[in-house]
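Hi there,

Here is the structure I promised to pass on to you. Have a look at it first, and then read on for what turned up.

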Amino acid sequence: MDDGPPYSILNSANGRQAGPLSTTTDFIFELVRAANDIGNLTPFEKRRLLERAVKTIREGRDQVGTAPSKTEPDKVVDLETIAASIASAPDVLFGHAMLEAADMIRTLKKLDAKEKVARGE
């Protein structure tokens, strides 16, 4: 895994404006692939992927104007907690967290696309 800049919904890894489909889809794929191959990742790679996912989710929420639920615990905080517990958390927990993050990013990508259609972009 590379240690490049975190992916975001709008910015590609090289800093150029990119459509949300390519970069975001690539990162979602990377999270799912890592979850399925969790035993072969180093602790650093696991933590870095979850940190990138948290950053991407927060940026995506800002972009589409959604906030975490006030009635339920924020799943992003759970992802941060898992990333911080690199030494003690079992692989299955990291794999589940990566799949959860991929699902959250996928949902934000869909919301972003719907907003763009509504705005006529």
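Let's begin with the largest nonpolar core, which has 26 residues; the members that touch the most others are Leu31, Leu49, Leu50, Ile57, Leu79, Met98 and Ile105. Two or more residues of this core come from each of helix 1 (20-36), helix 2 (43-64), helix 3 and helix 4 (91-119). Helix 4 gives the largest share, eight residues. As background, nonpolar side chains in soluble globular proteins tend to be buried together.

Please keep in mind that this is a predicted model. The mean pLDDT of the protein is 81, with 80% of its residues at 70 or more. Residues 1-21 call for some care: their pLDDT stays under 50, although the model has 51 contacts for them beyond four places in sequence.

Now try zooming in on Met98. Which residues is Met98 in contact with, leaving aside its neighbours within four places in sequence? They are Leu31, Ala34, Ala35, Ile38, Leu41, Lys46, Leu49 and Leu50.

Not counting residues up to four places away in sequence, Lys75 touches Glu100 and Met104.

Enjoy exploring, and write back with any questions!

Best wishes

Note on methods. Residues numbered from 1 in each chain as written. Heavy atoms only, no water. Contact = heavy atoms within 4.5 Å. Core = buried A, V, L, I, M, F, W, Y, C linked by side-chain atoms within 4.5 Å. Buried < 20%, exposed > 50% of the residue type's maximum accessible area, 1.4 Å probe, protein only. Helix = DSSP H or I, 4+ residues; strand = E, 2+ residues; numbered from the N terminus. pLDDT = per-residue confidence, 0-100.
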